[in-house]
Amino acid sequence: MRLEDSVNVVKKVGAERTKKFNKLGIFTVLDLIEHFPRDYNDRSSFRKTDEIVLNEENCVKGVVSCKPELFSKGKFQIVKAKINDNNGSFEAVWFNQPYLRNSLKVGGEYIFTGKAVLRYNTIQIESPDFEAWGDKELLSTGRIVPVYSSTSGLSQKVFRSIIKSVLESVSSEIEEFIPEKIRKKYGLCERKFAVFNIHFPESDESFFAARKRLVFEELFLLQTKLLQVKGFMKKKECGACVENFDVLPIKNSLPFMLTDAQENVLMEILSDFKCNFAMNRLVQGDVGSGKTAVAMIAAYVMANNGFQTVVMAPTDVLAGQHFESFSKIFVKLGMKCVLLSGGLKKSEKRRAYESIELGNADIIIGTHAVIQDAVKYNNLGLVITDEQHRFGVRQREALAKKGDNPHVMVMTATPIPRTLALILYGDLDISVIDKLPPGRQKIDTLFVDSSYYERIFCFIGKEIDKGRQIYIICPTIEETEKGDLKAVEKYTEKLKEDVFPNYRVECVHGKFKTDYKNYIMEEFALGNIDILVSTTVIEVGINVPNASVMLVENAERFGLAQLHQLRGRVGRGSEKSYCILVSDSKNKVARERMKIMTKSADGFVISEKDLNLRGPGDFFGTRQHGVPELKIANLYKDIDVLRIVQKASAELYADDPFLQKDENKKLAQEIERFFNRQSE
Ligand code: ADP
Ligand code: MG
């Protein structure tokens, strides 16, 4: 068996189980052994029968004293076995598993683990896990037992035994890749030991050693790569040599004065332009903080010095919007913007390519896909990417390796606590636009349950009559089996027919063709649609100042950072705006999270609170930030390990930056594999 083999080569894994594993994101043998336990039960010490504690889990060793009984009661089939040791006895009871009657041998000694209760004056252990006591290693009892995140029809017991047998079959393939020197220096156990003990810890100590090693390993792969990318960018001199720093003309063309926060960030960017190395900067700024204006000025400086700027947006719609706002300003300044979008006709595209190649275009705006295709630039000086979290380390690296070695500026509105940003964007310098432009109205945020629908719809009707427009966000496109979530298509029909027959209601979501999506968004921007029902496709950057209400259905389904982004779609004009979060969730944490939204308008505060409440893991799914998903390390809990890792990576980098020494070859391979995990 090889690590890269598909899971169906594993014993006891047929077509059915393969499907189940796939559902869990497990496709290969390696995926299986890297499916680390989500929790553990300590069943390492046994109790005697007279030490059983009621109403808690007990792990008891005993002998089956007579053939287990099978009988029916109501709709249950019950197997009952009497278990003895020298000190007393108890009954083990299973429901609807009649076959168990024959898997217990009379006179055999077993370990039983399950919850004990007192029934008919007898101690019973309900549905215990059990294993024969003997030569075979115990997997589900009598030890620290792993608990896996699983799916229905794949029991913990089966999971454990499959993992165990796979570990044994591939044991010789689990290779060390952290160089010996580093392993010794930082007291890390060997990889094979770590992988075995993370699944089946021999003791507490071995578990901690295993976890420490695996967390270190994961963060180390990440950090080492980020350092390389950063080094790669820093090392190279940038060809875009800027001499003319005059920004007055463009400042005068903007319809507003820059805020101090915008000025500061602009200064940082311009001073990057002054030195000989390529800029590599993340510009963070809350929704509406005015990142676009800063980007425009940077692009202006480039154009003034004879260099082209590329602006990359995550969607065609957003690219179109940027094109419009850039064009408005740059036309006045005698500079040319070109839009490259998926919707262009062949001839239009050819003309655009031509004007880029000939250097007639100063600013080129489009999606990543379009821009990275085969465009030949004339004199590329600056690459700006908007909404960076959809744009990963790999792409950053690819860009940096492009011939021209341009300056790179990435903009994001996703609020990331500083420590975390330093890790995720270890390869970038960071600027923050930390204040909003003056005169912004506060967006009133309400949290309600579905008993408020009548009032909400009435309110929405009044807003539309005042000339405003409405966003309604649903968590899914199509109805789920349970039907507990609002689905865009169904809900739109209902709103059209039953609730707002006199208004224009339309929907848009990711499954529509680009042309149609663009059409709908345009219609909404022109004010021809009153209510736009959508998934989070509109989360990023859309600017329709006339929209005044953001209604989010099943709001508990969204991350707070995401809700904050959604809320940022309203309150962009002069009208008072509202965000209404609807949720019937009874879950305490969910309700608490909604309350945070009603209380704070600060993206950073919101994301930190969300973090505390939700715990790490799902929040900031690292994937969102273009970094591979972490399987074991936790960027919050393991911050101390991270600091050590940063030191270790820096030492390694100083010694062998591109891992060309023999001792580092395996590590280099592993880093590639780690970043290939990123499937987007
Ligand atoms: P984001 O940072 O979310 O991309 P934008 O760049 O889209 O924000 O700016 C949001 C709105 O604020 C735009 O309508 C823009 O014209 C306006 N704006 C930007 N900077 C200022 C400023 N200094 N004063 C007033 N309005 C501004
Ligand atoms: Mg923006």
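This section covers a nonpolar core, a helix residue and a charged surface patch in a predicted model. Local features need pLDDT of at least 70 and side-chain atom pairs count only at pLDDT 80 or more, while totals for chains, interfaces and linings use all residues. Side-chain values use heavy atoms, with hydrogens and water left out, and residues are numbered from 1 along each chain as its sequence is written.

The largest nonpolar core holds 57 residues. A core here is a set of buried Ala, Val, Leu, Ile, Met, Phe, Trp, Tyr and Cys residues joined through side-chain atoms within 4.5 Å. Buried means under 20% relative accessible area, exposed over 50%, and partly exposed in between (1.4 Å probe, protein chains only). Phe21, Leu32, Ile33 and Phe216 touch the most other members. Helices that each supply at least two residues include H2 (29–33), H3 (156–170) and H21 (639–655). H6 gives the most, with 10 residues. Helices are DSSP runs (H or I, at least four residues), numbered from the N terminus.

Phe323 lies in helix H10 (residues 316–332). Its relative accessible area is 24%, so Phe323 is partly exposed. Leu340 is 17 residues apart from Phe323 along the chain, and their C-alpha atoms are separated by 9.4 Å.

A patch of positive charge on the surface gathers Lys586, Arg591, Lys595, Lys599 and Lys609. Patch residues have over 30% relative accessible area and no salt bridge, with like charges joined within 9 Å. A salt bridge is a side-chain nitrogen of Lys or Arg within 4 Å of a carboxyl oxygen of Asp or Glu. Helix H19 (residues 588–599) contributes the largest share of the patch, three residues. Arg591 is found in H19. With a relative accessible area of 32%, Arg591 is partly exposed.

Conventions
Chains lettered and ligands numbered in written order. Patch = residues over 30% accessible without salt bridge, like charges linked within 9 Å, V, L, I, M, F, W, Y side chains within 5 Å. Areas by Shrake-Rupley, 256 points an atom, 1.4 Å probe, with all protein chains shown as cover. Lys, Arg positive; Asp, Glu negative; His and termini not counted. Charge placed at Lys NZ, Arg CZ, Asp CG, Glu CD.
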